[in-house]
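Open the model in your viewer and keep the selection tool ready.

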There are 2 protein chains.
Amino acid sequence: MAFSKGPAAQTTSADVARAAGVSRATVSFVLNGKPTARISQETRARVLAAADELGYVPHAAARSLRAGRSDLVLLPAAVSAAGRLFSDWVDELETVLGERGYTVVLHGNRSPDPVTAARAWAQLRPAAVLAMAPTGLTPEAVQVLAQAGTTAVLAMGPEPMPGVFTLFGDQSEIGQVAAEHLVARGRRRIGVLMPTERGLSAFAEPRLAGVQRVAAEHGATVTPLPMPYGGEAASALAVLCRELGLDAVFGYNDEYAALLCAALNDHGVEVPGQISVVGADDLLLAQIVRPQLTSVRYRLPGAGLIAEAADSLINKGTAQPLPRIWFELAPRQSS
Amino acid sequence: MAFSKGPAAQTTSADVARAAGVSRATVSFVLNGKPTARISQETRARVLAAADELGYVPHAAARSLRAGRSDLVLLPAAVSAAGRLFSDWVDELETVLGERGYTVVLHGNRSPDPVTAARAWAQLRPAAVLAMAPTGLTPEAVQVLAQAGTTAVLAMGPEPMPGVFTLFGDQSEIGQVAAEHLVARGRRRIGVLMPTERGLSAFAEPRLAGVQRVAAEHGATVTPLPMPYGGEAASALAVLCRELGLDAVFGYNDEYAALLCAALNDHGVEVPGQISVVGADDLLLAQIVRPQLTSVRYRLPGAGLIAEAADSLINKGTAQPLPRIWFELAPRQSS
DNA sequence: AGTGCTTGGTAACACGTGTAAACTGGGTTC
DNA sequence: GAACCCAGTTTACACGTGTTACCAAGCACT
């Protein structure tokens, strides 16, 4: 360590003060612009010049330590888990929350245990946590956050939870919409793709349940079909579908559905002639492939509304309820 | 504000100390486990019990303020900009860096100005910044980071930059590989899709340049084709391709290429009979669509190597050079 | 000449944490 | 019995910031 001169000296507001020939307090006043009237234009200019000269950037950690709250908004979500649909929405969310002065940050939760995950989030003392994927958010996890000072917790889910502002939306309705459509077309032997990718079962399980609910009402059979993300798996499943004599498949996702479609095509199975296929999330992919994919479309509240709710929750501790997420069929060629 | 009892009291290590009947220092010693031998097993147990009871979680900001360095690793990247390819890689990176004790965080840079963006990153005082997309990282931006104490900056790019550990990889080689393939197939009138989505031009421009380089050597013509992300735009471009008499298109991306392919198909243009199409990034999508899409594949160094380099850069200030990124053709049906 | 007001600025504390240095008994050594 | 040591704990400071008091000087008014 002889050559290392410590962890790289940071430029602090004290440096700026020294350079401008004023006290640190004055620097703080100028840079945060609160009681503007109390600082003469001349020193004000001198401070700004010094700060610019030295390339001063405030230390977010120290600032939020002093302030007692941070401007961090945490989105716990793996990047890959967000499909094209969500990722655009997340981008928009970042923009509108940024305009409100928050720093949005994504953090993939690597721990399957909700409490451990919550503990990791809590370390950052975020102003709000936006759990927009149906991650396993338990009451204990919420309490960990609360104990760390984060009371603004938003989550997407089918039912309310104490201490959580819920954006109501039931993934099982996706399966429901798809299944109702298939049943209406006379299909009775329905397969359901179940992705084996980690983190996706939280979406897949309720979607399957939705299909089963509808199937039970109409005397249709439901066969879950576990599937890794890949071409070979799809090919194997295509064979299986024919062997099982299925007449319809709900593909969890447009991606998975499209994979299966291509495989069915390769094996000479006609879509939708012999087997109807329905996807979900209405990705652009659904319009690219041939036959074009029937899908189930999300109707999400605009990012502006979410930002408004989060802001209100942080500052007032309460917020107006949001319109619930709902789902509708986007009928195309594959069914 | 009468009903609001301030910004939600946080549980601090002082609370734990009080509950366990010891000093705050003892709590810190127990929880960080450094001089383990110096604490009796009995008080040790009492402290751990109290911490657990109160649900204590350390305050990352305070900790890193005291320590002079944070365990944050910042990945400046918009979620949507990362395709399937990158997002899986980022996931892996999160995992391996997490195992090394770092907290990985994604932050979409909303500012087009590199210095402003760098200023935003610098506020978080990250231990390292991993700019894995060819974002406009200027020397001034690097200096802003350095002044804030972040000296470990990794970036992907074609050439070295002072103060930056470069993961060498030249996006223009992608265009080059694609163009060489097309030229070898006798194509001479090449169109290049140029996405208009924000943040993508940093990828698109060099890819175009690569195509132009090869075309110039072989007397082929290159026509840039600006294209929004969507079906109508693709349809319009399909018509244009025919009118211009193009015999090949490099599609920037598998997504964009697939969009165009579908549109060409709809307009009765045969692929690859009349027009060859080549994509890039080798997404699974390339294998889903028919005809299957010829693509250009990334060879990225494993996430483990990147993590190793970042770690070394943080602690030793230097790191072993990484193998450069290279690209190879994945030939399929569309060309 | 005292009193009060305004303008421009500073001293000093608190936020939650990690750790070097000091302290306290009780035992061991000359 | 004085000197020393050791295990177990605490006291005290520093990190970089925002903000509440407080202060100095200038000026006007009784």
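Start with the buried residues of helix 10 of chain A: they pack against strand 6 (189-195), strand 7 (221-227), strand 8 (248-250) and helix 11 (254-266) of chain A. Contact here puts two C-beta atoms, placed from the backbone, within 7 Å. Helices (H or I, at least four residues) and strands (E, at least two) are DSSP runs, numbered from the N terminus.

This is a predicted model, where local features need pLDDT of at least 70, side-chain atom pairs count only at pLDDT 80 or more, and totals for chains, interfaces and linings use all residues. Residues are numbered from 1 along each chain as its sequence is written, and chains are lettered from A and ligands numbered from 1 in the order in which they are written.

**Helix 10, chain A**

Select A:Ala233, A:Ala234, A:Leu237, A:Ala238 and A:Cys241, which are buried. They cover an arc of only 145° around the axis, so they sit on the same side of helix 10 of chain A. The arc is taken over the directions from the helix axis to the C-beta atoms. Buried requires 20 or more other C-beta atoms within 10 Å of a residue's own; exposed is 12 or fewer, partly exposed in between, with C-beta atoms placed from the backbone.

Now turn to the other side: A:Glu232 and A:Glu243 are exposed there. Just past the helix, select A:Gly245, which has a positive phi of about 70°.

**Strand 2, chain A**

Select residues 103-107 of chain A; 5 of the 5 are buried. A:Thr103, A:Val105 and A:His107 lie on one side, A:Val104 and A:Leu106 on the other. In a regular strand the side chains alternate between the two faces of the sheet.

Pairing takes at least two bridges found by DSSP. Pick A:Leu75 and find its bridge partner, A:Leu106.

**The cores**

Which members of the largest nonpolar core touch the most other members? Select A:Val73, A:Ala310 and B:Ala310, out of 105 residues. Such a core is a set of buried Ala, Val, Leu, Ile, Met, Phe, Trp, Tyr and Cys residues joined through C-beta atoms within 7 Å. Around B:Ala310, its contacts include B:Val73, B:Leu97 and B:Ala128, not counting residues up to four places away in sequence. A second, separate core of 96 residues includes A:Ile174, B:Ile174, B:Leu225 and B:Leu260.

**Last stop, chain B**

Select B:Ser28 in helix 2 (residues 24-32) of chain B. B:Ser28 is partly exposed, with 15 other C-beta atoms within 10 Å.
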